[in-house]
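Okay, hi everyone, thanks for coming. Let me put my structure up on the screen, and then we'll walk through a few spots together.

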Amino acid sequence: MKKIIAFVVIVLCVSSYCTYAQETYVVSNEEVLFQKGKNCFDERKFGASIQYFQKFLDNYSDNNAVICEKANYYIVSCQYALKEKTAIVELQNFLKEYPYSSMRNRVTFMIGRSYYEEGKYEETVKWYAQTDGNQLNNKESTEYSFTKGYALLSLERYEEARVIFAKLSANVGSTYELDARYYYAYCDFCLKNYDAALEEFFTMGQKGKYAERASYYVLQIYDQRKEYDKAVEYGKILIQKFPTSSSNSEAYRILGEASFRDGSYAEAVDYLKKYERNVKKVQRTTMYMLGVSYYEIANYINAITYLSKVTTENDSLAQNAYLYIGNSYIKINDVKNAKMAYQSASLGDFDKEVKEVASFNYALSAYQAGAQFGETIALFEKFIDNYPKSKYLDEIYTHMANAYMTEKNYAAAYASIKKIKTTNPRIKMAKENALFQLGVAEFTNANYNVALDYFTLAVKEFTPESYSSQSLLWRGETYYRLGDNAKCRQDLTAFLDSKQTKQSDDMLKAYYTIAYSFFGSDQYMPALEWFLKCLDTKDIASNSLYSDILNRTADCYFHERELDVARQYYAKVPQTMLAAAEYATFQGAFILGLQKKYADKITELGNLVKANPESDYADDALYEIGRAYVLQEQNDSAITTYEKVLANYPKTAVARKAALEIGMLYSNMTQSNKAMTAYKKVVELYPNSEEAKTAIESLQTLYVENNDIEGYLAYVKEIAGVAVAVLPETQEDSLSFVAAERLFVKTHYKEAATAFNSYLTKYCKAQTINCISAIYYLAESYYQIDEKGKALNEFEKLTQLEGNPYFIESLVRASELAYDAKQISDALQYFVKLYEIADNTNIKNDARFGMMRCYYLQKDNKKVIEIAGNILKDNNITDAGIIREARYCRAKAYLATGEETSAVEDLKKLSTDLRHEMGAEAKYLYADYLYQTGKYTSAQTEIFDLIQKNTPHQYWLARGFVLLADTYIAQDDDFQAKQYLLSLQENYKAKDDVANMVEQRLKAIAAREKEKVY
């Protein structure tokens, strides 16, 4: 073809040259360049040829399109011959510029051939479709046909390829004859024309370059035609004939599968392992046979490994594989993983018998391993519904009864039991337990009315044969929380009288609550009887309630005026319990005062203040020292002591009393000027207090005694609008206030609110003590009828009147209401103020706790870490809930600031109690920390512990499953990861972000599986 083209060009050139010579008789420089380019092309000097033709085009000035087209054709032909990267683009540009070129056919061939070299067979076929092979020379025509056939074969267009290879293979002696024969036979093989393919492959397998490959296709054809004996015999021959052939993997596969069908499992393992070692991507069916072979020879670990490779699709093969995997896990006593495998097998609908067996085993293994999402009972119920005539029913019923007792999804258990009509004592016992546990859960969440309903239902199931009488104990506690002391005592007494075995801690709990039920009602003698029973309990001295019981016992004796005995019990309170010990010291000293042992009282109280000036009782102790001095008529010492109260504890309630006492003492000592100064100080410091009202009234008396009425009126005018008004109460004012107050006392809060609103509107143009009280009663009434917004507005007014009698209570309520209303900034201000002025440790601690919560919500991590740390360092705080939340907030703050290692200790301590959501989340966060630091095994240990302890907070349990999958993925164990994800997907039905996490991971695993198994 190239010679033909060259000849045509020469003729044209000569023709042009002769015409031009007749006119000029001179050969132009451009024609010389063209001819040199042509000569280089013929000599295959393609680079030089391109340069000459390019110079020709750059210098050619005649408007002869034909000669330019030829030059451009030679250039793109040279680029094609040189296999330049831009050759395809240049060839296509040539066709765009010369769409009707006489060389179009060869250019389309060159484009198609170039695409073929790049392995772009779709493009090859596309351009070959524009090429007529008959217009190419013999060599190129044959090349065109072969490459087109190969491209079609690569595109799996076997029928079209077969036609081409048939023609080429008929051309005996041609370059492509042998290749065409091989690919012709291969097309027959792909089209399952096994007879024709076998004949050709068998012939080619005797010798030649395709002997080895053809022989292995012969082996595959025997296998496909299920001529297994021939396949085995021929496969063994090939392995000996071609011991290093890469195709031996197929021989090993066929031999292994034949051995599997014969039940020769050890031999099957040997062959199939060799197959696996020799391929990058294994067949699922083959891996199934290998896995089952391992199972049959009792190698269960390997059985699981290879059967797991079969689960990449959702079909009958995978369903059977999962059943074998489950059985394998059972054989090695791994019920937890068996459960997940049986679950996957039970979800398939491909093999009904396998589905029933798997469903039974899934329910059974879920019961044995524990169902993290409460699915055990549901699985038993589902099996009974789906297989009402199953041979496994009796066993299902037996395990179902046990599951009611052990399954921690008590709501599901109770719902299931209600469906069963039976008098079976085990079912009845399970029902009682489920109701009890539901009550405990509600009690723990402070939903006492709901808890009471559950405990009452549980008590109805209680009989002398019941395993436990805990329902009576807990219902008694619930009645106590609801304020029904009579019913509380009735239940707790019934608990103590029951025949069931009781723990000493439970008995102590009953004694203690009964005692408090009397104590809170001021029934001190019966309370004393039960507190003394508490003290007779075994090992009571090591119990956390010991100090409180001693103090309450002493209090009872105190109220019954048995003062010496009371002091003896106060003295027994251990000094290690600081707050309780300080109370006991204060009370003991107070008794000394009642016994007129004033010096001893002063000494003991002085020691208390000296030991801990920050004590809750320090201000009261100083005040009582002052009172002792007064009773000894040592007024100067009393005044000095009261001044210390004012100096050290100025914002406390006793400071107001001490300030007023100073004025009274000066007045009694007829030092009227000092008395007036002291009284004015009370008004100045505590303008809205009851003490301020008394001070103003006392000042009025002193001014009158001094005959200085104008001075008094001037003073009253001076403090108007600042301090409480001292106005004469009208009868109408007094009656209206008392009437409203009575409504409040009778708990008729709605009517009280209306009455106090009216009173405030009518009588409180100036602020009096009654008006301040009215605001408080109004606020509290709104609070009680759940009009929290209105209550907050009224309490807020009182927080602006420092020193009023309700100041502390109002701050407590305002901080609570603002926090609940999510007015966090306001709540924080109230908590801070409360913390600064509170003189009670409990209130102070609550305020600090509230501050921490607010800072946590505001994401002020530095403040959270600081305050939580102070809470945790305070040995007087024993409330487990406060300690837990402080640890939680501090841990989350550390994590938020990137101080993960600092969070570890808190997370570990929190995660010891998974009944609470903070503990469950902490367990997850600690496991995630281990995962992020590459400690995968340790992370798994923590998650397994989370799963085993079966926390009721299922979101964090679900997140634990996802994290567990991540640890396996990080260790290249996609199968194990997938099992946990599938189990989670099936059993966790909450509508949250977990489903998306699972879906993303399963998709990624599926993609990786496709790369290894087909």
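Let's start on the outside. Val704, Ile709 and Leu713 make up a nonpolar patch on the surface, and together they have about 270 Å² of accessible area. Before I go on, please keep in mind that this is a predicted model.

Which helix is isoleucine 709 in? That's H39, which covers residues 709-719.

Okay, on to charges. How many salt bridges does the structure hold? There are 47 salt bridges in it, and I'll show you a few.

Here's one between lysine 120 and glutamate 118, where the closest N and O atoms are 3.3 Å apart. How open are these two? Lysine 120 has 43% relative accessibility, so we call it partly exposed. Glutamate 118 is at 43% too, and therefore counts as partly exposed.

Now look at helix H15, residues 265-277. Aspartate 270 and lysine 274 join their side chains in a salt bridge there, at 3.6 Å from N to O. Why are they separated by about one helical turn? Because they're 4 residues apart in that helix. Aspartate 270 is partly exposed, with a relative accessible area of 39%, and lysine 274, at 25%, counts as partly exposed as well.

You can see that spacing again in helix H30, residues 546-559: aspartate 548 and arginine 552 lie 4 residues apart, about one turn of the helix. These two form a salt bridge, with the closest N and O atoms 2.6 Å apart. So is arginine 552 buried or exposed? It's buried, because its relative accessible area is 11% and the buried class means under 20%.

Some charged residues come in groups. Asp195, Arg225, Glu227 and Lys230 are linked in a network of salt bridges.

Which residues make the contact? On the H48 side they are Arg884, Glu885, Tyr888, Lys892 and Leu895, while H50 brings Met918, Glu921 and Leu925.

How values were computed:
Residues are numbered from 1 along each chain as its sequence is written. This is a predicted model: local features need pLDDT of at least 70, side-chain atom pairs count only at pLDDT 80 or more; totals for chains, interfaces and linings use all residues. Side-chain values use heavy atoms; hydrogens and water are left out. Patches are made of residues with over 30% relative accessible area and no salt bridge: like charges are joined within 9 Å, nonpolar side chains (Val, Leu, Ile, Met, Phe, Trp, Tyr) within 5 Å. Accessible areas come from the Shrake-Rupley method with a 1.4 Å probe; for residues, only the protein chains shown count as cover. A salt bridge is a side-chain nitrogen of Lys or Arg within 4 Å of a carboxyl oxygen of Asp or Glu. Helices (H or I, at least four residues) and strands (E, at least two) are DSSP runs, numbered from the N terminus. Contact means heavy atoms within 4.5 Å. Buried means under 20% relative accessible area, exposed over 50%, partly exposed in between (1.4 Å probe, protein chains only).
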